[in-house]
Amino acid sequence: MRGANSIKDQSLIKRLLPCTLHILLPIPLLPIILLSLYFYPFSLPSSPPTKLSPPSSTFTPLLPSAEKGYVCDTPCDYSNGRWVRDKRDPLYNGTTCATIKESQNCIINGRQDSSYLYWRWKPNQCHLPRFEPNTFLQLIVNKHLAFVGDSLARNQIESLLCLLSTVSAPKRVHHKGSRRWYFASHNASVSLYWSPFLVQGVQRSNTGPLHNIVHLDRNEKWAKDVHEMDLIVLSVGNWFLVPSVFYEGGKVLGCLNCEGLGYTDIGFYGPLRKALRATLSSIIEKKGGKGNGVNVIVRTFSPSHFDGDWDKEGTCSKTRPYMKEMKVGEVDEEIRRIEMEEVENAKVKAKEFGGFSLEALDVTKLSWLRPDGHPGAYMNHFPFGPGHVQNDCVHWCLPGPIDSWNEILLEMMKSQECRLSLVNLSSSH
């Protein structure tokens, strides 16, 4: 018998399907096309293997945090605010940045309305500065920044690479297990680890199982590189919303949408929570107590925006942000709540380890207010013609609203560095 939570999940699953359109579409050839668009490596040619300098635990402060009597800025809630007009051009565009994925290069693909580029996020409590690439690069001198997760993690790192390349060109380097870029100017590495569940799992495919296989208590391959990471940004959610069989302790715990397999349908909220909790615990255990703490940031769920059903030619053709208060969808908010709670739970465990920082990059609401920021039909080059036009209302145009995620990320990093500098200053006296 399915539980009440499962019934609730089932009633909402139709709203979740848009988030995973690129892995679920049954239309002939579309799965192959979309998988190639989202999940294959960047087209930039890789350079020969480069020996990277190991990350350093020392850092020359660029902030005035070491000055006597200096107090770090009061933490700001960046999650609540509104989108306001900004006349300034983006720092990059579809021709100046070489790492933009074709399916997110909306203007180059023919999108005529450019007004979506001229908005900035204004938090209610504080000022969010424009992204400053030199400051970001100074904060990762001699360090390794790793993005771990799904295709939204890749969307964010593409945005970051474009922002940073305005002052320093990254070099694509060979690394087994990740896609990695090296900034020689700052001896800094930025990596993307594809891990849609964070824990060990096998994605459903047209040639393999029709459901995901997810081991909620087993580390994924990326975890073997945790020792060399200084900052980890985690992204998870979308892949838990499709048919899956969940394992724990080597045994089937339950499933989601697995009719005919004989397992209990347990929904996806519980498994998502377990996977995130196991991931954060593993990072703490691997890094804690070794004298080289790590900053971990969990980026909250990014909502999709379909007008109509995703499988019935649903579109996202709006050209302006939502200007009035719009409540985040029930499912999106519940996923966000789980992520925020697990960050707080992990903070308790991490307290015993010095130099360990855990935060949430809460982008759910600010992203929900931007239905105009998706590629839509412009996931393809000049897409309109005879036949069905597929829309991507999950990922984000570059440049676009997703750049604000990295603006907030930078402010969080500055705050973390300031607090660490003050701790080091006080311990030296």
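The model is predicted; local features need pLDDT of at least 70, side-chain atom pairs count only at pLDDT 80 or more, and totals for chains, interfaces and linings use all residues. Residues are numbered from 1 along each chain as its sequence is written, and side-chain values use heavy atoms, with hydrogens and water left out. A search of the whole structure turns up 5 disulfides, a disulfide being a pair of cysteine sulfur atoms within 2.5 Å. Such a link is a covalent bond between the sulfur atoms of two cysteines. Three of them are described below.

**Cys97 and Cys162**
- Cys97 is joined to Cys162, with an S to S distance of 2.0 Å.
- The pair links distant parts of the chain, 65 residues apart.
- Cys97 sits in the loop between strand S1 (81–85) and strand S2 (119–123), while Cys162 lies in helix H5 (residues 151–164).
- Helices (H or I, at least four residues) and strands (E, at least two) are DSSP runs, numbered from the N terminus.
- The disulfide is left-handed, because the torsion about its S-S bond is about -85 degrees.
- Cys97 counts as buried at 5% relative accessibility.
- Buried means under 20% relative accessible area, exposed over 50%, and partly exposed in between (1.4 Å probe, protein chains only).
- Cys162 is buried too, at 0%.

**Cys106 and Cys397**
- A disulfide with S to S 2.0 Å connects Cys106 and Cys397.
- This pair also links distant parts of the chain, 291 residues apart.
- Cys106 is in the loop between S1 and S2; Cys397 is in the loop between helix H8 (364–368) and helix H9 (403–427).
- The torsion about the S-S bond is about -95 degrees, so this disulfide is left-handed.
- Cys106 has a relative accessible area of 0% and is buried.
- Cys397, at 0% relative accessibility, counts as buried.

**Cys316 and Cys393**
- Cys316 pairs with Cys393 at S to S 2.2 Å.
- Cys316 belongs to the loop between strand S12 (295–299) and helix H7 (330–350), and Cys393 to the loop between H8 and H9, 77 residues apart.
- The link is left-handed, with -90 degrees about the S-S bond.
- Both cysteines, Cys316 and Cys393, are buried.

**Confidence**
- The protein chain averages a pLDDT of 84, and 78% of the residues score at least 70.
- pLDDT is the predictor's confidence in each residue, from 0 to 100.
- Over residues 1–61, pLDDT stays under 50.
- For residues 1–61 the model has 137 contacts (heavy atoms within 4.5 Å) beyond four places in sequence.
- Residues 64–68 also stay under 50, with 9 contacts beyond four places in sequence.
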